[in-house]
Amino acid sequence: MAEAGLIAIGASLAFGLSAIAAGIAEKQIGAAAVGAMAEKEELFGKGLILTVIPETIVIFGLVVAILIIGMAG
Amino acid sequence: MLETERMSKITIAVSKIKQKEVIKTLHDLKVLHIVEHKKTEELDIGTPIGSSEKIAELLVKITSILSESKEAVSKEELDSINRTQNLTQNTGNAGFSLEEIEAKVTEVETIIKEKKEIISKIDASASKKKELIQKLDVLNSLYLNLESYKLFKSIACFVGTIKHKEGLKDGLEKVTGTFKLHTSQNCKDLVVALFVDRKKEKEALEVLKQYNFTELELNFIEDMKGLPLSHITRLNSELQKQISEKNAIIKNIETVKSKNIEILYQYKKFLSIEAEKAEAPLTFGQTKEAVIITGWAPSKRVDKITEKLENVTNNRISIEQVAPDKHESVPIKLKNNLIVKPFEFFMNLYTLPTYKEIDPSFFIFLTFPIFFGFMLGDVGYGIATLLLFLILKRLIPAAKDLLKAMMACSYWSILFGFMFGEYFGFEYVKSHAWQTIIETLKLPLHKELIEGAKSEIVYEFPRLINRMHGEVNVLGNEINLVLVIGAIIGVFHINLSILLGFINEWKGHGLKTAILARASWYVFEVGLGIIALKSLGLITISNYIGIALFIISVIMIYLGEGAQGIIEIPSIFSNTLSYLRLGAVGLASVGLAVVINEKLAMPFMEKGGIFILISILILIVGHGINIALGIIGPFLHAIRLHYVEFFMRFYKGGGKPFKPFGANANNDEESE
C-alpha cells in the first residue's frame, strides 16, 4: 500500500512539475504573442503555434505519469 | 469544396460618358474585386464623380448630428431604426435626391444651431448671475444696506475677508481715530467692512494687509439698494427660471432630433453607398476619354457581368479576360456547401488559404465536431449545450456560423455520450430508487453488484467503452482506453495532414519537392514501423530494411526541407502524443461530474428532507460550471489540434479576402 502511495506521488510529480514548467514557458510567449496580435491581427496563427510549442513538455509529463502508474499495475 | 472559388482577372474599358452606369451596375452586382490602379505614364488615376465632395460634406454633417444624438436615443429606438433600415434596403432603397437631403439636413442643422445659440446666451447670463450671488453672499453677512457702501465721498470703504481679527482694532486705532469696523463670521471666512477717513485710506489698508486682507471690488453694487439678501433671492429665482428655460430648449432639440433620426439614418446609409460609388473612379485608370477598370471576379460570373454591362452601355464597352501576373495574389473566396459553410469561421479566424492551397474547411468540418464530442462525450451535457447554442443563435445573429458549427459538436457529444454510457456524469442508477421504473418500462439495463463497505445493486447504462475504467494493455502497461484511442486518432489525423501537404506541395512546387518534403515522412514512418515491430518480435523482415528506409527517409527530408526538417523529426512523435489530450480532457470532465454527483450531492440526497433541495442546488451549480468548462476546454483543445498539429504539415495560408465592390454597404451593420 505504501508503495502504491509512492507511485501515485511520483506520477503526480511527473505530471504536475511538467505542467508548471510548460506554464512558465508559455507565459512569456503568450504575452508577446498577444502583444503582436494587438498590433497585427493576422499574426493569430503564428502566435498560437509559437505559444503552444512548450505544451509538448506536459504531454511527455503525462506519458511518463501513465508509465509510472503502469508500473504499479 | 477543397478548392477556393476560381477567379478570373478582367479588364473593363469604357467611355467616360458611360462611367456612371457601369459603376452602378457593378455596385449592384457585387462580384468584382477591383484592383487599385497604380499611376503609370499612359494611365492616370481616375477622378471622382462630380458630386462626391457634396456627398462627403453632407455625410459629415449627418454623422455629426447623429453622433450628438446617440445619447438621447435609447437603444431600443436605435434597434427599431436599424430594422426599418434593413427593410428599406431589401425593398431596393427608394433613392433620395441630393437636394432633398441637403434641404433636410440644413433645416435640422439650423434649428439645432439657433437653439444652441440661445442656450449659450442663457448660460452666459446665468454664470454672471451666479458670480453676483457669490459676491452678495459675502456682503450679506454684514447686514448693511447696499447703498451705505457708497454714501460719502470723504469716507473710503474696504470690504473683504481676513484671516483673523485679534488686535485689528488696536492696529487701526494707532493709525487713525475716525473709523468704523464691522466684522462678521461667514460660513468659511471672516468678513470685514472698514469705513475710514479718505485721508488715512492708505495707512488703514496697510494695517488690513497684515491680516491677509482679500479685497472685494464693490463696483458690482452699482445702483442696487436695500439689504443684499433681497437681491440674492431675486437673482436666485431668476436663475431658476433660466434653468427651466434651458431645459425646455434642450428637450426641444431632442424632439427635433428624434423626429428626424430615422430619416437621417436612411440618408446616411444612402449617402455612404453613393460616396462609395462616387469615389470608385479613384481605383480606376483613365485616359482622356475612357476609364479602365481592372479586377477579379469569380470565373463563373464573368459571362453574366459581361452581359449586364453590355446591356447597360449598348455594347459600347470592352471586357477582356487577362492573364494575371505570376506573383499577383488572387483574392480568396471560400466555396463550400451549406453544411460545411459554418466551419469557414475557423479559416477566417486563422488565415485564409492562398489561391493554390487546399481549403481545409471540409476537414475541419469532418474532425472538429468529432474531437469536441469525444472530449465532452456525455448525453446530458450534449443536450444542455445544444439547447444553449440554440438560444444563443437566436440572441446573437452575428455569431450564427460559429454556433451552427458548435451545434454539430453537440450532436457528436450526445452520440459519444451514448457510447460511453454517461448521463450528466451518472454511469449507473441505484436499484432501490429506480427498480420499479426500470422494471415496469422493461429498460434493458445491466444489473451489477458493486462491492465495498456497503454492497449494493446498481443498474449500469449500456455502453461500448468505459471511459473512467476501461483499460487496454499496451506493451505491458495498463493504459486508459480513451487515451489510446486519442493517440490512434492522432496517427490518422497527422497522416492525413501529410497527404494534404503532399498535394499542396505538388500543386505549388512540383512533384519532386512534394515527394522529398512530404512523401519522405511516409517512408520514415514505414521504416520506423518495421524497426519497432521487429524489436517486438512481431514480424520476421530483416531489420536492415527498416534501418535502410529510415536513413533514406532522413536524407529525403533533408533534401526536401533542409536542416529544419531534421529538427522537426522528433516533433512527429510529440504531435501524435499531443492527441492524448482527446482522452485526457474528457477524463477530467467526467471526473469532475462524478465528484459533483457522488461526493457532493449524494450525501445530502441521502439525508432526505430539506437536504434534497440543497443537493439539487449543488447539482445545478456544479454541472453548470462543468458544462461551461466542458465547452471552453474541448473547444480550445480541438481547435488547437487543427491549427497546430494538423495545419503544420500542409497549410500556410495568407490569402487576401475577396471583397467585391458594393458588398460593404450590406455588411455595414455587422462590421459596426
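Author: In chain B, four strands, paired in the antiparallel sense, form an open sheet in the order β5-β6-β4-β7. Strands here are DSSP runs of E with at least two residues, helices are runs of H or I with at least four, and both are numbered from the N terminus; two strands pair if DSSP finds at least two bridges between them. This is a predicted model, in which local features need pLDDT of at least 70, side-chain atom pairs count only at pLDDT 80 or more, and totals for chains, interfaces and linings use all residues. Residues are numbered from 1 along each chain as its sequence is written, while chains are lettered from A and ligands numbered from 1 in the order in which they are written.

Reader: Which residue is the bridge partner of Lys180(B) in β6(B)?

Author: β5(B) pairs with strand β6 (residues 190-197) of chain B in the antiparallel sense, over seven bridges. In β6(B), the partner of Lys180(B) is Phe195(B).

Reader: Which residue takes a positive phi in the hairpin of β14(B) and β15(B)?

Author: Strand β14 (residues 471-474) and strand β15 (residues 477-480) of chain B pair in the antiparallel sense over four bridges. Glu471(B) stands opposite Asn480(B) in β15(B). The hairpin has two residues between the strands, and the one with a positive phi, near 50°, is Leu475(B).

Reader: Which elements of chain B give two or more residues to the side that touches chain A?

Author: In the contact between the chains, 15 residues of chain B meet 14 residues of chain A, a contact being two C-beta atoms, placed from the backbone, within 7 Å. The elements of chain B that give two or more residues to this side are β15, α18 (569-578) and α20 (610-646).

Reader: What radius of gyration does chain A have?

Author: The secondary structure of chain A comes to three helices and zero strands. Its C-alpha trace spans about 55 × 15 × 10 Å along the principal axes. The radius of gyration is taken over C-alpha atoms, and the globule rule is 2.2 Å times the number of residues to the power 0.38. A compact globule of 73 residues would have a value near 11 Å, but chain A has 17 Å.
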